[in-house]
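Reader: I am new to reading structures. Could you take me through a few features, one at a time?

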Amino acid sequence: MSGGHDYVVVGAGSAGCVLANRLSEDPATRVLLLEAGGRGRHPNIRIPAAFSKQFRTKLDWAFDSEPEPGCEDRSLFIPRGKSLGGSSSMNAMVYMRGRPIDFDAWRDAGCEGWGWEDVLPYFKRSENNSRGPSELHGAGGPLEISDQVLPNPLTERIIDSAEAVGIPRNPDFNSPEQDGVGLNQVTQKGGRRWSAADAYLRPARRRRNLEIVTRAQALGLELEGNRAAGVRYRDRRGRERVARAGREVILAAGSIGSPWLLMLSGIGPADHLREVGVEPRVEVPGVGENLQDHPYVVCVWESEKGGTLLDAEKPRELANFLLRRTGLLTSNVAEGSLFTRTRPGLPAADLQFHFGPVFFVDHGFTTHDRHAYSIVPILVTPRSRGHVRLKSADPLAKPAILGNHLTEPEDVATLVAGVKLARRIAAAEPLASDTGAELFPGGEVDDSDVAIEADIRRRVELTYHPVGTCRMGVGDDAVVDPELRVRGVEGLRVADASVMPLIPGGNTHASTVMIGEKASDLIRGG
């Protein structure tokens with residue numbers, strides 16, 4: 001493509017792919033999409049059950065937190081997708097929006113236009129739901145959403161046992177009533193992953209007004225006065241280039257990447273920037289603050305009946321997937337969910353669980369040679385807040401990430417209740433007849449709050465849902481306004497999970513796609 005571009009979008013993840021597609025729908029608008037990773041053709045992206053095999057490979061930014069004071073000073077692993085599709089090419093494909101009250105809380109915090117009734121049309125616009133159109137769901141959109149091809153019978157028994165201990169069945173976690181237990185819908189088509197790149201880039205890639213550049217790592221913004229005029233990036237050959245934007249630069253690099261780039265460009269908390277050798281250009285104190293995620297602790301039991309994902313790598317299962325798009329490899333691993341409230345008076349669930357017919361410990365790096373299943377309590381309403389900061393002015397040095405997870409007593413108490421409920425479910429029929437040894441927390445951890453809390457702090461990990469570090473709002477601590485424009489900088493927006501003021505109750509991919517959809521209308525003046 002000759003000449004400059006109207007829009008330069010940084011990051012081809014869940015929101016960036018949406019923006020590239022929607023903005024280039026106007027043939028008179030020239031759009032450049034920069035992605036630090038490759039084109040996303042590795043088979044581990046397409047095979048649903050193989051998502052964790054991408055961790056700590058060239059497909060992963062592979063961030064680690066600083067030592068976490070609430071987690072025995074352990075560094076927590078934070079995988080982020082590094083290919084077209086971003087983390088939508090690496091996640092567990094759970095389609096979960098969050099609750100209406102989550103978005104109404106955004107609106108009430110000063111984000112006018114982001115309440116539930118405002119954002120629902122964008123969720124629906126994105127969807128091609130296999131269940132068809134309804135008041136709550138869309139059909140005909142780019143994002144394929146389906147029921148699972150072959151949910152595991154063991155997952156069904158976990159759900160039945162949750163019902164036996166008093167949790168009602170919920171057929172649709174994306175209805176206004178989220179509480180309950182059931183199977184997840186997934187972002188798949190015909191048994192394989194359907195990422196944001198599949199949904200939004202593939203249909204648009206031949207447009208003459210859209211240029212997609214991979215292996216292009218952004219280094220910072222080109223500022224002319226207080227205007228973002230372009231993006232400096234390193235190309236696949238290691239050369240530094242500048243992509244100029246005639247109208248706007250849009251950061252869609254995620255909750256780690258977007259504040260990282262802003263601070264490298266001198267936009268952020270001035271004192272911190274000076275400490276690391278970056279000249280402050282525009283002081284925006286909230287850049288990098290307000291980091292939130294969903295901590296989880298895995299509970300695992302051996303399974304006596306077999307048929308788990310331990311068998312997924314057998315040759316017949318690969319043949320089933322390649323030839324018929326069925327079998328164990330179509331599993332998203334987190335096949336079921338449960339939402340519940342740990343005490344009376346809560347406005348919504350504070351606990352989510354994922355269920356999987358698999359031994360899933362240490363992000364899949366630790367293995368077990370016998371059949372097992374996992375019940376995973378997840379804190380969905382964390383009170384802790386962390387930050388992303390620079391370690392140095394070197395744009396190739398990874399940032400410093402600190403979540404402060406489990407530093408709030410209420411967060412710990414919620415996860416303790418989650419472990420106790422997981423044990424109750426495992427002890428109920430029909431699951432009890434299938435259950436062997438408790439591997440985690442294990443028999444050495446009794447059912448006292450003290451013992452469970454100590455185990456949680458030893459083993460807690462993150463559910464790969466970082467949000468909030470370029471918070472949307474109207475106060476002095478907000479980074480972007482409700483139209484996603486960066487405070488104090490012209491021609492610059494952020495449109496990704498980093499703008500969320502509060503983390504939604506559930507997996508964050510669907511909400512990030514929604515942000516991309518709404519952002520495209522805001523940018524086009526719709």
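Author: Let us start with a charge and a ring. This is a predicted model. In it, the charged end of Lys 82 sits over the ring of Trp 61. The distance to the ring centre is 4.3 Å.

Reader: Which residue lies over the face of Phe 321?

Author: That is Arg 325, at 4.8 Å from the ring centre.

Reader: Now rings with rings. How many aromatic pairs does a search of the whole structure find?

Author: The search finds 16. Read each pair by two values: the distance between centres and the angle between planes. Take Phe 55 and Phe 77. Their ring centres are 5.6 Å apart and their planes stand at 75°. Planes over 60 degrees apart count as edge-to-face, so this pair is edge-to-face.

Reader: Where in the chain do Phe 55 and Phe 77 lie?

Author: In distant parts, 22 residues apart. Phe 55 is in the loop between helix H2 (43-46) and strand S3 (63-64). Phe 77 belongs to strand S4 (residues 77-78).

Reader: Are Phe 55 and Phe 77 buried or exposed?

Author: Phe 55 is buried, and Phe 77 is buried too. Both also belong to a cluster linked by ring pairs.

Reader: What kind of pair do Trp 106 and Trp 114 form?

Author: A tilted one. The centres are 6.3 Å apart, with 50° between the planes.

Reader: Why does Trp 106 count as buried?

Author: Look at the relative accessible area. Buried means under 20%. Trp 106 has 1% relative accessibility, so it counts as buried. Trp 114 is buried as well, at 0%.

Reader: Let us turn to strands. What is the order of the open sheet of three strands?

Author: The order is S16-S22-S23, and the pairing is antiparallel. Strand S16 (289-291) and strand S23 (400-402) are the edges. Each of them pairs on one side only. Neighbouring strands are turned by 30° against each other on average, direction ignored.

Reader: How many bridges join S16 and S22?

Author: Two, in the antiparallel sense. S22 covers residues 386-389.

Technical notes: Residues are numbered from 1 along each chain as its sequence is written. This is a predicted model: local features need pLDDT of at least 70, side-chain atom pairs count only at pLDDT 80 or more; totals for chains, interfaces and linings use all residues. Side-chain values use heavy atoms; hydrogens and water are left out. Rings of Phe, Tyr and Trp (its six-membered ring) pair if their centres lie within 6.5 Å; planes under 30 degrees apart count as stacked, over 60 as edge-to-face and the rest as tilted. Helices (H or I, at least four residues) and strands (E, at least two) are DSSP runs, numbered from the N terminus. Buried means under 20% relative accessible area, exposed over 50%, partly exposed in between (1.4 Å probe, protein chains only). A charge sits over a ring if NZ of Lys or CZ of Arg is within 6 Å of the ring centre and within 35 degrees of the ring normal. Two strands pair if DSSP finds at least two bridges between them. Axes are lines fitted to C-alpha atoms, for helices over the stretch in contact, and angles run from 0 to 180 degrees between N-to-C directions.
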